[in-house]
Amino acid sequence: LVHGPPGTGKTTVLVEIIRQAVARGERVLATAPSNIAVDNILEKLDPSGARLVRLGHLARTLESLRHSNLAVLLEKDEAYAEVRELDAWRERLVKRKSRFGRGRGQLGYDERQEREREITKIWRQARDLEFDISRRIIASAQVVLGTHGGISRKLVKGEFDLVALDE
């Protein structure tokens, strides 16, 4: 517990504790109450060279720190190409479905239902793959950062040697 008035260096002390834990080979989960507070920790950890993953919506991460955001890391991952292919395939089916929905060449009810099921199945495959890639990226991180409310038990599984909460 580090206690003190604002501006006395509590976050700086917390960052140093995290750095030392990472240097010992430990995994750290670091949270703060707001996105700007999380980015403040991330900004201080960024030069350390540790594998950092910032959870949260990309638009709520400072632009200079977006390279550590899970969304960016996800799209850079080689396996994400398959997610793009599935999404493109689903989009083609959606366009084809709307083109054959009226007038000549109209699909029957059963064919429309089958097309909907196929579109849903492809969407689910893409999201499942995206989720698996996200979990792998997070599992490989030395430090996972997010807001207190933004830490998802679905994504953040596994053991952490240290949990650091910046209040």
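Helices (H or I, at least four residues) and strands (E, at least two) are DSSP runs here, numbered from the N terminus. With that in hand, the protein reads α-β-α-β-α-α-α-β-β from the N terminus on, with five helices and four strands. Please keep in mind that this is a predicted model, in which local features need pLDDT of at least 70 and side-chain atom pairs count only at pLDDT 80 or more, while totals for chains, interfaces and linings use all residues. Residues are numbered from 1 along each chain as its sequence is written, and side-chain values use heavy atoms, with hydrogens and water left out.

**Overall form**

The radius of gyration (taken over C-alpha atoms) is 21 Å, well over the 15 Å that the globule rule (2.2 Å times the number of residues to the power 0.38) gives for 167 residues, so the protein is more spread out than a compact globule. Its C-alpha trace spans about 75 × 30 × 25 Å along the principal axes. The accessible surface (Shrake-Rupley method, 1.4 Å probe) comes to about 10,500 Å², and 51% of this surface belongs to carbon and sulfur atoms.

Of the 167 residues, 35% count as buried; buried means under 20% relative accessible area, exposed over 50%, and partly exposed in between (1.4 Å probe, protein chains only). Contact means heavy atoms within 4.5 Å. Among contacts with a separation of 6 or more, 67% come from residues 24 or more positions apart.

**Two nonpolar cores**

A nonpolar core is a set of buried Ala, Val, Leu, Ile, Met, Phe, Trp, Tyr and Cys residues joined through side-chain atoms within 4.5 Å. The largest one has 21 residues, and V53, L55, L70, I133, I138, V144 and V156 have the most contacts inside it. Helix 3 (70–76), helix 4 (80–99) and helix 5 (109–139) each supply at least two residues of this core, and helix 5 gives the most, with seven residues. Another core, of 19 residues, lies apart from it, with A32, I41, L52 and L145 among its members.

Leaving aside neighbours within four places in sequence, I138 is in contact with R27, V53, L55, L70, V144 and L155.

**Helix 2 and its cover**

Helix 2 (residues 35–45) contains D39. The buried residues of this helix are A37, V38, D39, I41, L42 and L45. Their cover includes helix 1 (10–23), strand 1 (28–32), strand 2 (52–54) and strand 3.

What does the side chain of D39 reach? It reaches the backbone nitrogen of L62 at 2.8 Å. Not counting residues up to four places away in sequence, D39 touches R54, R60, T61, L62 and L65.

| Residue | Relative accessible area | Class |
|---|---|---|
| D39 | 1% | buried |
| D77 | 15% | buried |
| S152 | 26% | partly exposed |

D77 is found in the loop between helix 3 and helix 4. Setting aside neighbours within four places in sequence, D77 is in contact with I133, R136 and I137.

S152 sits in the loop between strand 3 (143–147) and strand 4 (162–165). S152 and G56 are 96 residues apart in sequence and 9.8 Å apart in space, C-alpha to C-alpha.

Technical notes. A polar contact is a pair of N or O atoms within 3.5 Å; within protein, one must be able to donate a hydrogen and the other to accept it, and residues adjacent in sequence count only if both atoms are side-chain atoms.
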